[in-house]
Every structure is written in C-alpha cells, then in structure tokens.
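Morning, everyone. I'll keep this brisk. Please have the viewer open.

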Amino acid sequence: RMQISVARGGGETYTPFVSVDSGSASVLYVPLNRKKWSRALVVGCSAFALTALVGWVLLAGQSSDSSFMFETEAESKDGSMEKYKGAMGGVYYNVFTGKTVKGSSYCSAGSFRRKNDEGRFSCIDCPVGQWCDDDQVHPCPDSTTSTFGAQDESQCVCKPGFFGDSPKACKPCPAGSFCPGGSVVQACPSHSHSIAGGASCNCDEGYTGYAFSGPGSLVCRRCPPNTFCSGNIMTNCTENAFAPSGSKLAADCQCAKGYYAIDGVCEGCEEGKFCPGKDTPPQPCPGQSSSPPRSFKESDCRCRVGYHGADPASCVECEPGYFCIGGTNRDAGAAAPGSYFPAGSSGGSDSALCPMGYMCPGGHRDKVPCVTPGMYCPKGAVRARFCPGNTPP
C-alpha cells in the first residue's frame, strides 16, 4: 500500500491511498466535489514501472476539506475488502473501476461539523427539529420534530398537536382530544375541550383547573360562587357583586341587594331610594316616604317625619295637635296651655306659641280662632279676653 497524491484543478490537493495487489494498482479513490470537470493526475503503480495518466474526471457533490479524513472499505482486485482513507467523508470515485464508495464522516451520526472563529472544526449535536449524518443536517418532515442529536429521519416524531405512527404520516389532533406528540392521541378530560390540532385541553367556560403532570392530568372544577371562569382563568367579581357557581362572564356578576351598577362598580343605594340589586337601577320611594341608605325593597320606605300612613304610598301630613315621628305612628300632642302642635309636627319640641287672634287651651288640641264679639286673643292666649272698656255680662 503506497501513498500517492491527486491534484484537482484550482490548486487543491487530496491525499488518498491506493491498494497494491500482486504488483498492480487496483483501487484509486478521488473525492467527488462540485459539479464541474476538473483535471486530475491519476498515478498507477505496477511491479515494473510507474505509470502516470492525465485525464478528466467528473467531480460532483459537495466541496471537501483536506483537513478531514475518511476511512471506508471497498472491494480490491482479488475480491477481498480493503480499508481506504481519504480527505473527508462523502462519496469517492474509483478511477480504475468507475465505481463510487461512501466515506465515513468527520463527525459521528447525530452531529455535524462547524468551524469556529479560529478556523478549527468541532462536532456539534444536531439541533432540535433536524437529524444529522455524514456531516449533513437534514430538516425533519413537516409536522414533526426531534430531540438534540437525532441520527436518522426515523427519530423525527410528530409535533405536539399532531399524531401518527411515522414521520411522514402525522395528522392534526382531532377536536376534543390532545396530542402531546408522537403517536399518542387522548380524549380531553371531563369538562374540558380542545380545537383541532390542539396539543392540550382547556377547561370549559364556567370551569377552572390545572394540570398536575401534563395535559392528561388536567382536572376541571365548577367555578365557585362570586367568581367567573373563562379561558381556564378564574376571576373574582367586584366588591358588592355576586355570581352563582359556574359563571362564565363578567356580566354574570351582578350587584347585591341594596346596590346598583355604575361604570362596572356596585355602589350603595342612596337615601330615599331602594335598589333590588342585579341590573335594576335605583327606585325612588313613593309619595312622602323615604328610606335609609342601601335599602333594597319598597317596604324599606317609611313615611317621612311629620307624616304618617299605613304604607309608603298612603303617607299624609300629621294633623294639628299631633306629632308624627314617621312611619305609621301618630302621637297626640301634649302642648302646654297657650301653645299647640302645628300640622306636620314631628315631636314634642315642635310645639309652637299660640299666634295672635287664636287661643290655645293646650294638650293635643289645635289653635282656636278668636271670634267672640268684644273679645280678643293676644299671642299665647289660652282663652279669649274682653276688650278694654268691655266688661263681662
């Protein structure tokens, strides 16, 4: 076995090896490079003389680098297998037999060579979604992927959202199922769903949950009261709002009794009105009735102070001689002599001094006009008095 050089047009030199058997050269390998004709010096060796042949060799494929070595086996003249080394991995041409052989790559399967900034080569693991052999990087088929260091297309598997038994048979995951990748397809858990091509499932509207260890462990529970659940997210209703369990939308949250909605916020009902809650606006109390803040029904309305009545719609002004503290109550006045309770009085302190021209005997009686001839009633009079110069009969 002797070393010889093969020179390719363009100044590049390759250093393959030739097997010598029974005194004659049987195998000479030239690396196949770019698709162009290049002149190569082919050197043969016999037992008697060294013969040089100059010819044209068709060089096809990818360019090589003389810093990379290959080793392969090929059949020699006597039929035995011999090992040959060359400039790099790839396909090599036997100029004697017209046959080609495949050389070993610089990097092992599952990796590819890369030159660093210093011009040195190193082997890099094949990236995700591709597979590598013979220093070549190949993309996985559509809808498939691979892990780092894949060595063969068979190691490409269906991507999440697809399923199939082989890299070229991947189909979209059907709706209502989830496909984590590869050949696996499973139905979504209870109260969850997925769209076609889904890699995972989401809880139905009105449900919430989470996966303990992957899509198959998803547990969806009914949304609790005073919350709403959409897109697998649970959100609390705003303050003073409520919602039944299983609510889906923010609109399902409605104001509690005694509150009304304004700009998405539940505000307390004002005095003199009542608010049934939900989406009902504030309602005014009827007639001369009123209500305390945050009232939610009409019966919360009561006659105003100085009025009385059996219900909010029948409130009337408190009669003279009486005082009314509101609601249905009407109390008899106990005014001092010379004073009285005017109409609409609300309590004992509302008694007033009897006006001029009237007499006020006190108690719960109203003021009485002074109409007897020859008599008059000054302010605060308990009874009528005789006019000056006029004597009692």
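I'll go through the disulfides, then one serine, then a hairpin.

This is a predicted model: local features need pLDDT of at least 70, side-chain atom pairs count only at pLDDT 80 or more, and totals for chains, interfaces and linings use all residues. Residues are numbered from 1 along each chain as its sequence is written, and side-chain values use heavy atoms, with hydrogens and water left out.

How many disulfides does the structure hold? There are 15. The cut-off is a pair of cysteine sulfur atoms within 2.5 Å.

Take Cys 126 and Cys 132, with S to S at 2.0 Å. Their S-S torsion is about 75°, so the link is right-handed. Both cysteines are buried. Buried means under 20% relative accessible area, exposed over 50%, partly exposed in between, with a 1.4 Å probe and protein chains only.

Next, Cys 173 and Cys 179, sulfurs 2.1 Å apart. Here the torsion is about 80°, so this disulfide is right-handed.

Cys 387 is partly exposed, at 26%.

Now Ser 111. It sits in strand E13, residues 111-115; strands are DSSP runs of E, at least two residues, numbered from the N terminus. Ser 111 is buried, at 6%. Its contacts (heavy atoms within 4.5 Å) beyond four places in sequence include Cys 126 and Cys 132.

Last, the hairpin. E27 and E28 have two residues between them. The strands run antiparallel, joined by four bridges; pairing takes at least two DSSP bridges. Cys 229 partners Met 234. In the turn, Gly 231 has a positive phi of about 60°.
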